[in-house]
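Good morning, and thank you for coming. Please look at the structure on the screen while I speak.

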Amino acid sequence: EAHRVVSVVYSEAEQVVVVVLLDHDGRLVDWLQLKFFLGRGDEKAPQVERDRKSADRDRFKRFLSDASPEFVCIGASSLACQRLFMDTRECFKGVCPNLFPDDLPEDDRSFPVQWVDVEVARVVMNSDRAKREFPDHPPLIRYAVSLARFFQEPLVEVAGLASSPDDLLSLRFHSHQGVVPVEERIRRLHRV
C-alpha cells in the first residue's frame, strides 16, 4: 500500500532544497523550495543567516504539518544530505512526534524518515515521460517526485522509464553490473 510521502532533495549546483508532497496515488499535491534550510544556524553565524534558516525551518514545519505525510524520504546524493537528513528528522519529529517510537531503530523500514537511492530519480527527471507530465516544473521538482514515487512503488517507477527493456540499461542496479556483457543484460531484460 502506498503512503502519503514527502520527498526532500538538495541541489548542490543550485544550493536549494526542494520538498514535494505526493498523495497515495503518486500524484504531486504541493511543493516547496527552501534556499536557506541548510544554511548556518549556529551562534557564530551572522544574524541574517540564522534568521533565514529559522524562517525556512518554520516554512518546512508548516508544510509537514499541513501535508500530514506518513513518511519523508531523502535523496542520498551527497555528504550535505547527512545534515539535510538530521534537520529533516528533527523538524518532522517536532511536527509528528507520534510517528517516532522511542524503541524504533533508524534503519528500520518503518522509521518515518528514510534514505532513498537517487539513481532512478536522476534518470527520470530528464525523461520524456517526466517532461510530458510536468512541462512547467523544473528538473528538481521532477527529481523529487520520482524519488517519492520510487519510495512508494519502486518497481512501477523503474518500469515506467522504459519504452523498451533496452532503456533500462542506463540504470545502475548493482555496482558490478558492468562486468556482465551488454548482450547478456539485454537478453535477461527481455525475459522480464
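At what angle do helix α1 and helix α2 pack, and how far apart are their axes? Please keep in mind that this is a predicted model. Helix α1 covers residues 47–67 and helix α2 covers residues 80–95. The angle at which they pack is about 50°, and their axes lie 9 Å apart. This angle makes α1 oblique to α2. The crossing of the two, α1 and α2, is right-handed.

Let us turn to the residues in this contact. From α1 come Lys53, Arg57, Phe60, Lys61, Leu64 and Ser65, and they meet Asp87, Thr88, Glu90, Cys91, Phe92 and Val95 of α2.

Which residue forms a salt bridge with lysine 53? The partner is aspartate 87, and the closest N and O atoms are 3.1 Å apart. Because lysine 53 lies in helix α1 and aspartate 87 in helix α2, the pair ties together parts that are 34 residues apart in sequence. Both lysine 53 and aspartate 87 are buried. A network of salt bridges links Lys53, Arg57, Asp87 and Glu90.

In the whole structure, a search finds nine salt bridges. Arginine 27 takes part in one with aspartate 23, where the closest N and O atoms are 3.2 Å apart. Arginine 27 also meets aspartate 25 in a salt bridge, at 3.2 Å from N to O. Are these two aspartates buried or exposed? Aspartate 23 is buried, with a relative accessible area of 13%, whereas aspartate 25 is exposed, with a relative accessible area of 59%.

Definitions and conventions. Residues are numbered from 1 along each chain as its sequence is written. This is a predicted model: local features need pLDDT of at least 70, side-chain atom pairs count only at pLDDT 80 or more; totals for chains, interfaces and linings use all residues. Side-chain values use heavy atoms; hydrogens and water are left out. Axes are lines fitted to C-alpha atoms, for helices over the stretch in contact, and angles run from 0 to 180 degrees between N-to-C directions. Helices (H or I, at least four residues) and strands (E, at least two) are DSSP runs, numbered from the N terminus. Angles under 35 degrees count as roughly parallel, over 145 as roughly antiparallel, 65 to 115 as roughly perpendicular and the rest as oblique. A crossing is left-handed if the near helix is turned anticlockwise from the far one by less than a right angle, and right-handed if clockwise. Contact means heavy atoms within 4.5 Å. A salt bridge is a side-chain nitrogen of Lys or Arg within 4 Å of a carboxyl oxygen of Asp or Glu. Buried means under 20% relative accessible area, exposed over 50%, partly exposed in between (1.4 Å probe, protein chains only).
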